[in-house]
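This report examines a helix crossing and a set of annotated positions in one model. Please view the sequence and structure below before reading on.

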Amino acid sequence: LAQDYLSKIKQSDLNAFIDVQPDITLAQAKAADALRASGQAGPLTGLPIAHKDIFVTKDFRSTAGSHMLENYRSPFDATVVERLDQAGMVTLGKLNCDEFAMGSSNENSYFGAVKNPWDKQAVAGGSSGGSAAAVAAGLAPAATGTDTGGSIRQPAAFCGITGIKPTYGKVSRYGMIAYASSLDQGGPMAHTAADCALLLNAMAGFDAKDSTSLERANEDYTAQLNQPLAGLRLGVPKEFFGAGLSEEVGAAIETAVQALEKLGAVRVEVSLPRTELAIPAYYVIAPAEASSNLSRFDGARYGYRAPEYRDLLDMYKQSRAQGFGAEVQRRIMVGTYVLSHGYYDAYYLQAQKIRRLIAQDFAQAFTQCDVIVGPVAPTVAWNIGEKANDPVANYLADIYTLAVNLAGLPGMSMPVGFGTQAHTKTRPVGMQLIGNYFAESRVLNVAHQYQ
Ligand code: GLN
């Protein structure tokens with residue numbers, strides 16, 4: 001199986017992979033065979049997986065999609081990688097992503113854009129574009145992703161696969177190269193909700209090495225998959241269907257809601273009044289945390305160092321100016337600005353207050369419904385290059401996903417159809433399912449019943 005995927009990866013022109021080491025993969029596959037032969041195989045033993053290049057790995061390069069870490073090798077494996085290894089999974093390699101997970105189209109990667117396998121003119125989405133494209137194209141049966149503001153859900157939607165971002169704190173961030181620590185969360189990306197549930201069983205759980213890891217009993221995320229949907233209250237937020245949502249995405253979501261109603265779910269209108277404020281709040285908080293997290297890349301401790309410099313300060317400056325791409329530098333500047341004396345209260349503190357109000361809006365909505373449904377993104381995948389020089393256009397496309405991270409809730413994307421225009425007919429539409437804290441099993445159940 002591993003051999004088969006490796007040869008597909010070799011033939012692919014999608015630019016989904018950054019690092020592949022066939023010898024290492026095949027050695028892992030042999031070890032998995034041995035486990036199976038000795039009767040110690042679990043449900044994931046021997047199954048291949050590939051990791052977003054935000055998770056550090058001993059055996060593969062760990063680049064975060066950045067020139068800064070182009071040849072970086074980690075001395076340890078991320079907890080998620082370690083746990084999937086322990087479950088017997090076989091690593092196919094490392095997957096392309098936006099630099100330090102900053103982006104919505106994978107075009108911010110130092111290693112170039114990932115092509116969408118459904119239509120190679122289209123972006124794969126971001127920042128986990130390599131993960132989504134690899135699964136959709138059959139280059140890997142499953143992948144890991146990370147989601148700070150939509151990076152699992154949006155590429156899953158654009159590539160027609162399934163992905164879930166768990167409740168903040170369920171999956172260890174240890175060894176996940178930090179973007180915005182209070183928002184970052186890893187999760188699985190695969191073809192179906194059932195696959196995601198199995199993967200999440202292995203990935204989730206308390207980790208003493210992550211200070212915000214939650215100490216809760218482990219769950220079996222497959223246990224509720226077959227529960228009937230009769231009486232389930234589906235919250236449809238009116239703010240998710242206003243101006244800005246493309247007609248074709250709106251229509252596909254409506255059809256999917258009707259299909260869930262046929263399965264016994266009951267539609268309830270809810271309101272998330274602060275939906276629009278999620279964009280400015282997120283794009284203050286995430287860069288603020290990023291500017292702090294990225295200060296460790298100074299040319300001395302990790303990765304790239306400029307070849308020529310005058311003195312220590314100049315070495316820092318040159319290394320960072322040459323090592324970081326334009327979007328990363330933009331966010332460091334925004335983040336440093338909103339944290340600086342005199343602006344902290346006006347921007348950062350205000351954004352934190354909005355963050356709290358957004359969480360309250362969800363809490364209110366969940367008194368009226370069990371699962372919230374809506375679009376993942378306002379449109380299907382756009383063309384490569386179309387928004388590449390327009391950061392704000394990219395930020396606006398995150399409108400439906402950001403609030404979920406600000407509140408720390410579980411969110412999921414599942415494929416529900418395609419665009420309807422001549423050039424969008426093969427571009428997938430994803431439906432978002434948002435659950436209350438720790439309701440991963442519930443959203444997986446809804447997606448499984450639909451699928
Ligand atoms: N598009 C968002 C950003 O650029 C989200 C990225 C993510 O979830 N990692 O910050």
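In which sense, left-handed or right-handed, does helix 8 pass helix 11?

## Basis of the model

This is a predicted model, in which local features need pLDDT of at least 70, side-chain atom pairs count only at pLDDT 80 or more, and totals for chains, interfaces and linings use all residues. Residues are numbered from 1 along each chain as its sequence is written.

## Helix 8 and helix 11

The crossing of helix 8 with helix 11 is left-handed (the near helix is turned anticlockwise from the far one by less than a right angle). On the side of helix 8 the contact involves A278, A281, V284, I285 and A288, and on that of helix 11 Y347, Y348, A351, Q352, I354, R355 and I358. Residues are in contact if their C-beta atoms, placed from the backbone, lie within 7 Å.

## Annotated positions

Under "active site", an unreviewed UniProt entry lists K52, S127 and S151. These positions are spread over 100 residues of sequence yet cluster in space, with a largest C-alpha distance of 10.8 Å. Such annotations may be inferred rather than shown by experiment.

S127 occupies the loop between strand 5 (119-123) and helix 4 (129-136), and S151 the loop between strand 6 (142-146) and helix 5 (153-159). Helices (H or I, at least four residues) and strands (E, at least two) are DSSP runs, numbered from the N terminus. S127 counts as buried because it has 34 C-beta neighbours inside 10 Å; S151 counts as buried with 36. The term buried requires 20 or more other C-beta atoms within 10 Å of the residue's own, with C-beta atoms placed from the backbone. Leaving aside neighbours within four places in sequence, the contacts of S127 include C97, D98 and S151.

Conventions. Buried ≥ 20, exposed ≤ 12 C-beta atoms within 10 Å, placed from the backbone. Contact = placed C-beta atoms within 7 Å.
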